Amino acid sequence: MSSILTQVFFVWVLGATLIYHEITERMNDRNDGFCHSVLATLKNEKLQILKDAQSNPRMLATWLYENQGEMRFGSENRLFLVLVDSDGFNSSWKLKRNLDLLEPTITKYLDNFKSKKMEDLKVTFGYKGKPQVFTALADVIFVVR
């Protein structure tokens with residue numbers, strides 16, 4: 001009985017992201033064929049999602065607007081910087097301090113910005129609890145290692 005209560009408490013206290021991290025870490029530690037297969041499948045699915053987002057950055061920008069926190073809601077124009085470490089997705093946040101990777105990608109984007117059409121940057125989105133439809137100009141820079 002104590003074991004079940006511990007498991008339920010574990011699930012209740014931790015959010016989905018932490019649970020996912022805990023499960024994948026335990027699978028890495030097991031180091032068996034089944035776990036490697038599952039982890040490879042998860043990585044391939046994440047890489048496919050990345051590829052889809054890079055092919056359609058407007059869809060990602062719309063999703064980011066629609067899923068922003070209520071306290072920070074804003075419909076202003078935005079340039080999203082998406083950092084992805086394809087070797088360890090959970091470590092992607094660390095790329096924000098890798099200037100050798102960030103600088104050339106951002107510079108290339110800025111150098112080519114004049115060729116972008118403003119109509120291609122237009123994002124229309126709704127937001128929970130707000131009846132109006134919002135429009136903004138947005139784009140996404142992907143920094144992938």
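Predicted model: local features only at pLDDT ≥ 70, side-chain atom pairs only at ≥ 80, totals over all residues.
The crossing is left-handed, that is, the near helix is turned anticlockwise from the far one by less than a right angle. Residues Y20, T24, M27, N28 and R30 of helix 2 contact F34, C35, V38, L39, L42 and K46 of helix 3 (heavy atoms within 4.5 Å). Seven of these residues are nonpolar, two polar and two charged.

The largest pocket holds about 380 Å³ of space. Among its 13 lining residues (an atom within 4 Å of a pocket point), I49, L50, L60, V82 and V84 lie nearest the centre. Helix 3, helix 4 (57–66) and strand 1 (78–84) each give two or more residues to this lining, with the most, four, coming from helix 3. By class, 11 lining residues are nonpolar, one is polar and one is charged.

The second largest pocket holds about 290 Å³. It is lined by 15 residues, and K46, D87, G88, F89 and N90 are the closest to its centre. Helix 3 supplies the largest share, five residues, and helix 2 supplies at least two. This lining comprises five nonpolar, six polar and four charged residues.

Residues are numbered from 1 along each chain, and side-chain values use heavy atoms, without hydrogens or water. Local features need pLDDT of at least 70 and side-chain atom pairs pLDDT 80 or more, whereas totals for chains, interfaces and linings use all residues.

Terms used
Nonpolar A, V, L, I, M, F, W, Y, C, P; charged D, E, K, R; others polar. 1 Å grid on protein atoms, 1.4 Å probe; cavity = no way out; pocket = protein on both sides within 12 Å on 5 of 7 lines; lining within 4 Å. Points joined across faces, edges and corners; volume = space filled by probe spheres on them.
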